[in-house]
Amino acid sequence: LTDYFTVNIREDLIALWKIWVPATCLNFAFMPMHMRIPFTAGVSLLWTCVLSAMRGGDVVHADDLAMGAVTGSTLSLMREGLDENFNNTPVEMDHNMAHFNVSAVGKDRAGIVAGLTQHIARDGGNITHSKMVRLGEEFIIQMHVAIPPEKKHVIQSNLQRRKTISHEMDIHVTELRRREYDAHPTKKAVMGMVINCIGEDRPGMLAAISERIANNGMSFEELSTELRWNQKTKKREFFVKAMVSSTSIQAGDTEVFDELVKEISKLKEELDLSTLDIRVHMRQEIE
């Protein structure tokens with residue numbers, strides 16, 4: 001938070017002075033007494049719009065706001081959401097369903113998503129998590145599909161048998177196994193982190209981040225990356241959102257926890273990141 005205000009204070013103050021100094025002089029010099037309060041309210045509305053335009057989010061960076069990312073380096077501790085975000089995927093939640101990962105690659109065209117999803121729906125499949133993106137001329141799809149167990153043997157053969165789909169896309173269907181926490185309680189996460197990083201794109205960034213995660217005994221629950229063009233700097237920025245978990249670091253292990261956060265935070269300087277946002281989920285609050 002300190003870094004955030006340090007970076008922005010000069011620009012914010014200049015903008016504030018440009019609006020409020022002339023407005024105040026105009027108000028007391030020319031406005032009649034009964035118009036001063038409405039005039040001040042109008043200037044306040046203008047200042048709010050200016051500040052929102054300067055520091056608020058835009059459509060391009062809406063995901064950053066949803067993740068809570070801010071310029072600089074932040075750390076938040078929270079108790080809620082550990083099991084919901086780290087221990088319960090759709091595979092664990094729906095015990096009465098069979099679960100599959102469907103991945104497909106094909107030449108991009110209008111209707112490619114509609115065609116595949118309609119076939120899955122006709123077979124009784126329910127799509128939950130999915131990631132779809134066009135890269136060059138190819139369109140890439142990955143999705144989780146839950147389906148009644150009695151229909152699980154037909155989904156793969158049906159997708160590959162239907163010529164309208166199989167001739168246009170390379171489709172792979174893999175059955176997913178549920179993680180049994182009752183039989184293996186040591187596999188259940190007791191600490192989770194949501195890490196958001198933004199920095200100027202260059203080779204090796206993801207390798208450095210993933211190596212730091214692995215060296216500290218944590219594993220990935222979810223990882224997504226994205227490349228965006230920054231209009232202000234005229235450079236490419238690399239966005240990383242990682243959900244990582246540990247099955248061993250308890251809330252009471254303050255020394256271990258502090259050292260872990262310190263190691264992750266070093267990435268900001270080492271990779272010259274503009275943003276490093278860490279959200280920590282634990283079963284108990286750290287004292």
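**View 1. Aromatic rings across the whole structure.** A search of the whole structure turns up zero aromatic pairs. Keep in mind that this is a predicted model.

**View 2. Phenylalanine 220 in strand β7.** Here we move to strand β7, which covers residues 219–230 and includes phenylalanine 220. Leaving aside residues up to four places away in sequence, phenylalanine 220 touches Ser210, Ile213, Ala242, Met243 and Val244. One of these, methionine 243, lies 23 residues away along the chain, yet the two C-alpha atoms are separated by 6.0 Å.

**View 3. The buried face of helix α9.** Helix α9 spans residues 205–215, and its buried residues are Met205, Ile209, Arg212 and Ile213. Looking down the axis of α9, you will find these buried residues within an arc of 100 degrees, so they line one face of the helix. Ile213 links this view to the previous one, as it is among the residues that phenylalanine 220 touches.

**View 4. What packs against α9, and what follows it.** Which elements do the buried residues of α9 pack against? They meet β6 (191–200), β7, β8 (235–246), α10 (254–270) and β9 (273–282). Just after α9 comes glycine 217, with a positive phi of about 75 degrees.

Note on methods. Residues numbered from 1 in each chain as written. Predicted model: local features only at pLDDT ≥ 70, side-chain atom pairs only at ≥ 80, totals over all residues. Heavy atoms only, no water. Helix = DSSP H or I, 4+ residues; strand = E, 2+ residues; numbered from the N terminus. Contact = heavy atoms within 4.5 Å. Buried < 20%, exposed > 50% of the residue type's maximum accessible area, 1.4 Å probe, protein only. Arc of directions from axis to C-beta. Phe/Tyr/Trp six-rings, centres within 6.5 Å; stacked < 30°, edge-to-face > 60°.
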